[in-house]
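Welcome, and please open the model in your viewer. We will go from stop to stop, selecting a few residues each time and looking at what is there.

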Amino acid sequence: MKKIRKLLWVGCGTFLFLSLNLLLPIISSAQNPKTANRLEILAQADELYLAENIAAAEKLYRQVKPPFANEKASVSSIDKPITDPEQLSGAGRVYWRNATEGMQQGLTSKIFVPLKMLLEEQPEFVPAYALYAEASKKYGNEKDVIPILEKGVATFPESVELNKALIKAQEEAEQYLEASITARQFAIVYPNSPEAVDFVNIADKNFQRFRSKLNEQIILQGIIGATIGVLTGDATNQAVRLAPLMLQGESGMGAQVAAAYKQRLTLIEDPTIVEYVSRLGNDIANLMGRKDFEYEFNVVKDDSINAFALPGGKVFVNTGAIMAANSEAELAGLLGHEIGHAVLSHGFQRITNANLVANVGQIIPFGNLISTLAILDYSRENEAQSDIIGTRVLSAAGYAADGLRNFFVTMKQQEKGQKIPVYLRTHPTSDARIRYLEEIIKRNGYNRYAFEGVKTHTEIKQKLRKILEG
């Protein structure tokens, strides 16, 4: 689902676009020569891209975006999905025959190696993903099932077969929220599919399962907390005080915390700036599959490079992060990653985790709840999940898929010889993580040579700079 039709306006229309000829000196004056020349070429490529001259645009994008390590200079997209084994190459048919015979005979040596080779040679063969997942569950490591199917869905998101197989695996693992998101994303991205309504119903069913399971956990934590309060004589036990807030759900908790946070912060209220960030954020959020959230995007007047999302989709981004980003794609990548944390309930689930609520020695102080939610140190798994969903949705929205990766590269450059940015303290990055993002893009065939949004973003930065200096 492309969002390019929305990329031609900014805010309420009071801030007019500058022509490209007027814009280039602005870029040059704001960047070092090497960076300025790169942004000039990207701006030219964007104009060609919006004019639907995709081939010419991609040629310019490639001039300033060298291939990743082990990436061919010319990346060919994966062929259309196939389901008939007769459409496989000769070697592919042999791999498939060996794998299916291995399943019938229970010989793991005949299953996994042929399937791996088949997927490497012909990743467009959809049944191989489902068989690989089935074999992993029956004979291998069950932890491999969901990643295998996720790779299949990422490669062929339009495949009903793969999406339903992934949802089934997520349900069996009691990952009801993830199953709901998978189903709703399919329905949103492919609304004309005959299966769209069915996927909506699957999404609703699994979301209700998630809510029921979470409410049971919260009530249990409240009971445990009350017991601890009685045993310790602590009438103000934090678990008891947190339980009513958590029972309001993610949106209710997020709204209350966001309101309190706004009182502590200086917010940018210029409509052009706020509507620009909100447009990018909503374009991404609309593809995330959580319609139960009322997304809200706030711009904080703070030159530190930071952004965070509260439960329920309340997002805060510092002016320092906007100024550090070089394009819409980079800022949208950052927003996508943060929205991903909210959509996947990372912060909310962290608060409801028994280790943080039931254990009296590890309780989050109620008065510090606001700060705690803003500086959560997410697990490596949480970060990887947000990287994956953020990058996937960034690509689906029509932006250059390496936006988040490029933002992290910018952060690494700014980190050298300087105080570590706030964002890197709460979301630590490294060369390894940058390479991991590159692998996500390469593995799934996401398009790096799509819309960057240099022109609009440069104009916004010029306007924001005047506000900050005023």
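**First stop: a pair of strands**

Select strand 2 and strand 3 (residues 314-318): the two pair in the antiparallel sense over 4 bridges. Strands here are DSSP runs of E with at least two residues, helices are runs of H or I with at least four, and both are numbered from the N terminus. Two strands pair if DSSP finds at least two bridges between them.

Before going on, a word on what you are viewing. This is a predicted model, in which local features need pLDDT of at least 70 and side-chain atom pairs count only at pLDDT 80 or more, while totals for chains, interfaces and linings use all residues. Residues are numbered from 1 along each chain as its sequence is written, and side-chain values use heavy atoms, with hydrogens and water left out.

Now show the side chains of strand 2 (residues 307-310). Ala307 and Ala309 point one way, Phe308 and Leu310 point the other way, and all are buried (under 20% relative accessible area with a 1.4 Å probe, protein chains only; over 50% is exposed, and partly exposed lies in between). Across in strand 3, Val315 stands opposite Ala309.

Angles run from 0 to 180 degrees between N-to-C directions, and axes are lines fitted to C-alpha atoms, for helices over the stretch in contact. Contact means heavy atoms within 4.5 Å.

Stay with helix 13 (residues 271-285) and pick out Ser278. Is Ser278 buried or exposed? Ser278 is buried, with a relative accessible area of 16%. Its side chain reaches the backbone oxygen of Val274 at 2.8 Å.

Select helix 4 (residues 90-105) and helix 6 (residues 126-139), which pack at an angle of about 30° with their axes 11 Å apart. That makes helix 4 roughly parallel to helix 6 (angles under 35 degrees count as roughly parallel, over 145 as roughly antiparallel, 65 to 115 as roughly perpendicular and the rest as oblique). Residues that meet include Trp96 and Met103 in helix 4, and Leu131 and Tyr139 in helix 6.

**Last stop: Thr391**

Go to helix 19 (residues 380-396) and select Thr391, which is buried with a relative accessible area of 2%. A polar atom of its side chain lies 2.9 Å from the backbone oxygen of Asp387. Among the residues Thr391 touches, not counting those up to four places away in sequence, are Leu404, Ile440 and Tyr446.

Finally, zoom out to the whole protein: 23 helices and 3 strands, with 52% of the 470 residues buried.

How values were computed
A polar contact is a pair of N or O atoms within 3.5 Å; within protein, one must be able to donate a hydrogen and the other to accept it, and residues adjacent in sequence count only if both atoms are side-chain atoms.
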